[in-house]
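Let's take a walk through this structure together, going from helix packing to charged pairs. Keep the 3D view open and click along as you read.

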Amino acid sequence: MKIGELATATNTPVETIRYYERESLLPKTARSGSNYRIYGDAHIERLSFIRHCRRLDMTLAEIRTLLSFKDAPTENCGEVNALLDEHIGHVAARIRELRTLEKQLKHLREQCRHEQAAIHCGILNELSQPLCDATPESVGHVPGTHGNRKHRKD
């Protein structure tokens, strides 16, 4: 099948497939006489695996590790278990951060209980104040599950 058919079969944008190929998550494919990439069932299975991992917010490095074990089925899966345990820890930390963010937003929302002129809006005025507790936990948008993540392609 061609890349468009693989995209349809896996509900994956063509650009994402190309990205995974560039990142060496998908193996190089054979080419047809007209230089089209030719994909098979193994590509569907591998791409589905990658997409499932991405839906679980796993990094490309984590996916590479999991794929290396998938490609070596007789290896001991202890490292797979450790990887997932670490990922669960990252998710738990993110949940704590999101709960903290929710409390901060609710506190901010309390600053303006009714509609009024924007000049008197407690939310806008609060957001205009300098930060007093500028720690990594209290400043900035809640990060993804992992630090130093590249832009997600799917």
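## Inside helix H4

Start with the buried residues of H4, which are Leu60, Glu62, Ile63, Leu66, Leu67 and Phe69. Bear in mind as you look that this is a predicted model. What do the buried residues of H4 pack against? Their partners are H2, H3 and H5.

Here's a handy bit of background for reading such a list: an α-helix has 3.6 residues a turn, so residues three or four places apart point the same way.

## How the helices meet

Now find H4 (residues 60-70) and H5 (residues 78-109), whose axes come within 10 Å and cross at roughly 160°. Are these two roughly parallel or roughly antiparallel to each other? An angle over 145 degrees counts as roughly antiparallel, and H4 and H5 are therefore put in that group. Their crossing is left-handed. On the H4 side, the contact is made by Glu62, Thr65, Leu66 and Phe69, while H5 brings in Glu79, Val80, Leu83 and His87. Sort the residues of this contact of H4 with H5 by class and you get 4 nonpolar, 2 polar and 2 charged.

From H2, the residues making the contact are Thr16, Ile17 and Tyr20, and from H3 they are Leu47, Ile50, Arg51 and Arg54.

## Charged pairs

How many salt bridges does a search of the whole structure find? The count is 7.

| Salt bridge | Closest N and O atoms |
|---|---|
| Arg37 and Glu21 | 3.5 Å |
| Glu45 and Lys70 | 3.2 Å |
| Asp71 and Arg46 | 2.9 Å |

Take Arg37 and Glu21, which form a salt bridge. This pair links distant parts of the chain, with Arg37 in strand E2 (residues 37-38) and Glu21 in helix H2, 16 residues apart. Is Glu21 buried or exposed? With a relative accessible area of 13%, Glu21 is buried, because buried means under 20%. Arg37, at 26%, is partly exposed. Leaving out residues up to four places away in sequence, Glu21 touches Leu26, Thr29 and Tyr39 as well as Arg37. If you want to find Glu21 on screen, look in helix H2, residues 14-22.

Then there's the salt bridge of Glu45 with Lys70. Again, distant parts of the chain are linked: Glu45 sits in helix H3 (residues 41-55) and Lys70 in helix H4, 25 residues apart. Both ends are partly exposed, Glu45 at 48% relative accessibility and Lys70 at 37%.

Last up is Asp71, which forms a salt bridge with Arg46. Where do the two partners lie? Asp71 is in the loop between H4 and H5 and Arg46 is in helix H3, so the pair ties together parts that are 25 residues apart in sequence. Arg46 counts as buried at 18% relative accessibility, whereas Asp71 is partly exposed, with a relative accessible area of 49%.

Technical notes. Residues numbered from 1 in each chain as written. Predicted model: local features only at pLDDT ≥ 70, side-chain atom pairs only at ≥ 80, totals over all residues. Heavy atoms only, no water. Helix = DSSP H or I, 4+ residues; strand = E, 2+ residues; numbered from the N terminus. Buried < 20%, exposed > 50% of the residue type's maximum accessible area, 1.4 Å probe, protein only. Contact = heavy atoms within 4.5 Å. Axes fitted to C-alpha atoms, helices over the stretch in contact; angles between N-to-C directions. Parallel < 35°, antiparallel > 145°, perpendicular 65-115°, else oblique. Left-handed = near helix turned anticlockwise from the far one by under 90°. Nonpolar A, V, L, I, M, F, W, Y, C, P; charged D, E, K, R; others polar. Salt bridge = Lys/Arg side-chain N within 4 Å of Asp/Glu carboxyl O.
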